[in-house]
Amino acid sequence: MDVFPDFGATGGATELRQVIGALLMFVLVIAVLMLVVCAITWALASSHGNYQTATRARTGLLVALGTAVLAGAGVAWLNWLITLGSGL
């Protein structure tokens, strides 16, 4: 049995893939930029003794890291599920 999603069944499937790919690219670029900004802010705030700002920058760093990991892992997980589905 060959089970695979029929992406050609809808009219705008190609455009939908391009839009999702572009949105994923923006998410990853913004997450990496936020990682850099939050890391710099954390370092500067810690060195100047502003611990409240350092704590907020550390939280922002962890949120940006989580967003980048989830965005990257979501693509890998979806590809794995499609491969698994075609093998059943």
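Tutor: A patch here is made of residues with over 30% relative accessible area and no salt bridge, where nonpolar side chains (Val, Leu, Ile, Met, Phe, Trp, Tyr) are joined within 5 Å and like charges within 9 Å. A salt bridge, in turn, is a side-chain nitrogen of Lys or Arg within 4 Å of a carboxyl oxygen of Asp or Glu, and accessible areas come from the Shrake-Rupley method with a 1.4 Å probe, with only the protein chains shown counting as cover for residues. The model is predicted, so that local features need pLDDT of at least 70 and side-chain atom pairs count only at pLDDT 80 or more, while totals for chains, interfaces and linings use all residues. Residues are numbered from 1 along each chain as its sequence is written, and side-chain values use heavy atoms, with hydrogens and water left out.

With those terms in place, the nonpolar patch on the surface is formed by M25, F26, V29, I30, L33, M34 and V37, which together have about 640 Å² of accessible area. One of these residues, F26, is found in helix α1, which covers residues 13–47; helices (H or I, at least four residues) and strands (E, at least two) are DSSP runs, numbered from the N terminus. F26 counts as partly exposed because its relative accessibility is 49%, given that buried means under 20% relative accessible area, exposed over 50%, and partly exposed in between (1.4 Å probe, protein chains only).

L62 has its place in helix α2 (residues 51–87) and counts as exposed because its relative accessibility is 54%. V32, which lies in helix α1, is 32 residues from A64 in sequence and 7.2 Å from A64 in space, C-alpha to C-alpha; V32 itself is partly exposed, with a relative accessible area of 46%.

For the protein as a whole, there are two helices and zero strands, and buried residues make up 12% of its 88 residues. The accessible surface of the protein comes to about 6,700 Å², of which 74% belongs to carbon and sulfur atoms. Among contacts (heavy atoms within 4.5 Å) between residues at least 6 apart in sequence, 58% join residues at least 24 apart.
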